Amino acid sequence: ALLFTRFGTAGLPQLYFALGLVSFLCALGVSIVFGMLRRDRVYPVVLAVLAAALVGLFVLVATGADVAYPIAWLVANVVLTFQGIVAWGVASWLCDARQAKRLFPVANAAKIAGAIAGAALVAPFVVILPLDALLILWAVALAATLVVIVRAGRTAPAAPVERRDRSLADELLVGFRVVRDSRLLRLLAVSLVLFSVLFFALALPFARAARASYPNEAA
């Protein structure tokens, strides 16, 4: 909303491409870092970094500089990606295969319920505080999640460290060959690409219509 009202929607197609590139680089970074270090130690650090990044975005947005809004949009999307990786990573660390069958559907239902409740709470929130203060609330929520993970991790076995004999480039090639040789995975890859195209093809006109319909970010 801050991007739409203060920066405009003309640059969204370029931002979509930038998001794709940034997301790809982040995926490579996750593959490297999570493969080298114990994940039970990495997860709290990642959450602390994400919370700090959101506080930094709040300060950046407060400057009112035009460049602040596309940067905030990109970083916020990266934070969403990483918090999803951490959430499911923690779930896979704390649950064995039998527990996962029972608990992962419950966890996903809780995620959906949380998203609905959070969206509903935005309206009364912006009556009291400016919209960019949500960045601070988001950071506080991540910090609280960090505390929960640390406390849960005290009673859980240490997450194993993956030992790799191949370089990252070799592993990417192996992954490509696995997808290439599997008809099911090829169809999945194509469907994911088409889903992304469809999503952004709908998101762009929606963003333009929203910007034209509402006078400010709170509305």
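Me: Is Thr9 buried or exposed?
Reply: In this predicted model, Thr9 counts as buried, because its relative accessibility is 12% and the cut-off for buried is under 20%.

Me: Where does Thr9 sit in the chain?
Reply: Thr9 is found in the loop between α1 (2-7) and α2 (12-36).

Me: Which residues is Thr9 in contact with, leaving aside its neighbours within four places in sequence?
Reply: With those neighbours set aside, Thr9 is in contact with Phe4, Leu204, Ala207, Arg208 and Arg211.

Me: Moving on to α2, what about Ser23: buried, partly exposed or exposed?
Reply: Ser23, which belongs to helix α2, is partly exposed, because its relative accessible area is 27% and that category lies between 20% and 50%.

Me: How far is Ser23 from Leu74, in sequence and in space?
Reply: The two residues are separated by 51 residues in sequence, and their C-alpha atoms lie 9.4 Å apart in space.

Me: Let us step back to the whole protein. How many helices and strands are there?
Reply: The protein has 8 helices and 0 strands. Read from the N terminus, the order of elements is α-α-α-α-α-α-α-α.

Me: What are the dimensions of the box that the C-alpha atoms fill?
Reply: Taken along the principal axes, the box is roughly 55 × 40 × 30 Å.

Me: And what share of the residues is buried?
Reply: Of the 219 residues in the protein, 26% are buried. As for the surface, the protein exposes about 14,000 Å², and 72% of that area is supplied by carbon and sulfur atoms.

Me: What share of the contacts joins residues at least 24 apart?
Reply: When contacts between residues at least 6 apart in sequence are considered, 77% of them join residues at least 24 apart.

Me: Now the helix packing. At what angle do α3 and α4 pack?
Reply: Helix α3 (residues 39-62) packs with α4 at an angle of about 160°, and their axes are 10 Å apart. The two helices are therefore roughly antiparallel, since angles over 145 degrees count as such.

Me: Is that crossing left-handed or right-handed?
Reply: The crossing of α3 with α4 is left-handed. The residues of this contact comprise 19 nonpolar, 2 polar and 1 charged.

Me: What is the angle between α4 and α5?
Reply: The axes of helix α4 (residues 68-94) and helix α5 (residues 97-128) cross at roughly 155° and come within 10 Å. This angle makes α4 roughly antiparallel to α5.

Me: Which residues make that contact between α4 and α5?
Reply: On the α4 side they are Trp88, Ala91, Ser92 and Leu94, while α5 contributes Gln99, Phe104, Ala107, Asn108 and Lys111. Sorted by class, the contact has 5 nonpolar, 3 polar and 1 charged residues. The crossing of α4 and α5 is right-handed.

Me: One more residue, Leu142. Which helix is it in?
Reply: Leu142 belongs to helix α6 (residues 134-153). It is buried, because its relative accessible area is 5%, with the cut-off at under 20%.

Me: Which residues surround Leu142 in contact, leaving aside its neighbours within four places in sequence?
Reply: Apart from those neighbours, Leu142 is in contact with Leu47, Leu50, Ala51, Leu54, Val79 and Gln83.

Me: And how far is Leu142 from Asn216?
Reply: Leu142 and Asn216 are 74 residues apart in sequence, and the distance in space is 27 Å from C-alpha to C-alpha.

Definitions and conventions
Residues are numbered from 1 along each chain as its sequence is written. This is a predicted model: local features need pLDDT of at least 70, side-chain atom pairs count only at pLDDT 80 or more; totals for chains, interfaces and linings use all residues. Side-chain values use heavy atoms; hydrogens and water are left out. Axes are lines fitted to C-alpha atoms, for helices over the stretch in contact, and angles run from 0 to 180 degrees between N-to-C directions. Helices (H or I, at least four residues) and strands (E, at least two) are DSSP runs, numbered from the N terminus. Angles under 35 degrees count as roughly parallel, over 145 as roughly antiparallel, 65 to 115 as roughly perpendicular and the rest as oblique. A crossing is left-handed if the near helix is turned anticlockwise from the far one by less than a right angle, and right-handed if clockwise. Contact means heavy atoms within 4.5 Å. Ala, Val, Leu, Ile, Met, Phe, Trp, Tyr, Cys and Pro count as nonpolar, Asp, Glu, Lys and Arg as charged, and the others, Gly among them, as polar. Buried means under 20% relative accessible area, exposed over 50%, partly exposed in between (1.4 Å probe, protein chains only). Accessible areas come from the Shrake-Rupley method with a 1.4 Å probe; for residues, only the protein chains shown count as cover.
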